[in-house]
Amino acid sequence: MKRITLSVIAILAAALPLLASYTPQEAVNKFVSHSSLRYASVGVQVIDLDSAKSIASYRPEQANITASTMKTVVSSAALGLLGPHFRFETPVYLDGEIRGGCLYGDIIVKGMGDPTLGSVFLPCQANIVDEVIAALQALGVNRIEGEIICDDTYYGYPYYDEDWDVGDLAYDYGAAVHALNFHDNLVTVSYSFDGRGRVSRSSFSPEVPGLKVISRCRASRGRNAITPYMDYSVPALVLTGETTAKSYRNTYANPTPAPMLADSLQRALRSRGFELLAVTEAPAEPKAEPSLLVVHKSPELTEIITSLLDRSDNMFAHALLRAIGARDYETKGLPFMPSDLDVIGVEAVKRWLDLQGVDTEPLFMRDGSGLARANKASVNFFGDMLSMMAHRRFDGVRLCDLMPTASDRVGKTLESNPLSSRIVLKSGSMRHVRCFVGYYPADKPRYVFAVLVNNFTCSQSSVKEQIGTFLCNLFEGK
């Protein structure tokens, strides 16, 4: 009996460190004292929503790179400025006349910034291609003598934010925001190299007329190290580095979504029995006052935000910033958006936050997604903004209702803890940057937290695990 008692005591003693209870500030102190954060720029803020006071913090006024936590900022402003039921609209016009079942004229798809057209991530939404075909059939049209014009002129060039790294633009996460977006502005490219480093074969899915694959690679006998770049002026996917005679298949940003949509619509029309003549993707001057054929509407803003926060979609998020800027600029009555539309959007976001009582002085915002490394903010700012949003409902919808749970996003310690389903958060990461901001508990938030870590010396997975452990220590028993 004595041996059993001693064994039980030993087991309990060994378990004590795992069951240790920390005050909020002790949890913060334990986290920031980790050796891998010795040279890091770290900010932590924890706010009790009932008292509206900070209960634990570390360097709360220091501005750090935010990465994708910036998406909570543009999502909050979009809810306030556009409204939870906001939908992007894409009008489709007929520029011509219908006689005997034939449209003598053009179909014009007018891009207005909707990032969801043809999105594979929102498959339940209405399909603009099907809507156009159904509307033509309802008018008795079965032949088109004219052009399919996908008008991408509403937003000016450049389509990407000027603060984005040129090295990001070719990758799927670096897809730019056009006036006319389609298929998430992504394309799967298959290509092969010959023994001299030249592209011997290339194909696109879906098809993108006019897009090229250009090789700047050196031939290698055993090394394969390819770096892609996007050349918007050609347009072309430019491949650099070294390669053997090898084949690849990867998904990249599509620099010309308008031709992709025009080609997809053309193919769909022909597959449905329409006869087409003289189809082109290039915009043209209208021949007369066009008549409205159909207006495609995106899913509601709440569905868009839910999707972009869950998947951390840079294109969706930056499209919201441009929509905010466009609405602000349209009050001036000018027909085309300026090249500094992103700046106008940022100014509109900050004005709205200021009106809500949030101090935006520690917010250095450059885009809507967080892809620009110039985006910085303090944890004080996130604490204030998320606290404000915890008390705001937009037709009954709160920001926390649209945010994903912690689940497996913050390391194995938190993943195996029941807390993982009770914490909602937005993560952000890039090279030497790992950030999390969110609420606990998910259904009735009592706490706001923000953790921004820059310049750590350990791996991404290690710092993520440390933050997960910190959240367990912070909220266990609360």
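Modeller: Let us start with how elements are named: helices and strands are DSSP runs, numbered from the N terminus. Please keep in mind that this is a predicted model. With that naming, Thr-69 belongs to the loop between strand S3 (63-65) and helix H3 (71-81).

Biologist: Is Thr-69 buried or exposed?

Modeller: Buried means under 20% relative accessible area. Thr-69 has a relative accessible area of 0%, and therefore counts as buried. Its side chain reaches the backbone oxygen of Thr-66 at 2.6 Å. Beyond four places in sequence, Thr-69 touches a set of residues including Phe-382, Lys-426, Cys-435, Phe-436 and Leu-452.

Biologist: How many residues of H3 are buried?

Modeller: Nine of the 11 are, so H3 is largely enclosed by the rest of the structure. Among them are Lys-71, Val-73, Ser-75 and Leu-79. After the helix comes Gly-83, with a positive phi near 95°.

Biologist: Which residues have the most contacts inside the largest nonpolar core?

Modeller: The general idea is that nonpolar side chains tend to be buried together in soluble globular proteins. Here the largest nonpolar core has 124 residues, and Val-73, Leu-136, Leu-353 and Tyr-439 have the most contacts inside it. Helix H7 (residues 314-330) supplies the largest share of this core, 10 residues. A second, separate core has 31 residues, including Val-410, Phe-436, Phe-449 and Phe-475.

Biologist: What does Leu-136 touch, leaving out residues up to four places away in sequence?

Modeller: Leu-136 touches Leu-94, Ile-107, Val-141, Ile-144, Leu-269, Phe-274 and Leu-293.

Biologist: How far apart are Val-129 and His-296 in sequence and in space?

Modeller: They are separated by 167 residues in sequence and by 9.5 Å in space, C-alpha to C-alpha. Val-129 lies in helix H4 (residues 128-138) and is buried, with a relative accessible area of 8%.

Biologist: Which side chain makes a polar contact with the side chain of Asp-367?

Modeller: That of Trp-164 does, at 2.7 Å.

Notes. Residues are numbered from 1 along each chain as its sequence is written. This is a predicted model: local features need pLDDT of at least 70, side-chain atom pairs count only at pLDDT 80 or more; totals for chains, interfaces and linings use all residues. Side-chain values use heavy atoms; hydrogens and water are left out. A nonpolar core is a set of buried Ala, Val, Leu, Ile, Met, Phe, Trp, Tyr and Cys residues joined through side-chain atoms within 4.5 Å. Buried means under 20% relative accessible area, exposed over 50%, partly exposed in between (1.4 Å probe, protein chains only). Helices (H or I, at least four residues) and strands (E, at least two) are DSSP runs, numbered from the N terminus. Contact means heavy atoms within 4.5 Å. A polar contact is a pair of N or O atoms within 3.5 Å; within protein, one must be able to donate a hydrogen and the other to accept it, and residues adjacent in sequence count only if both atoms are side-chain atoms.
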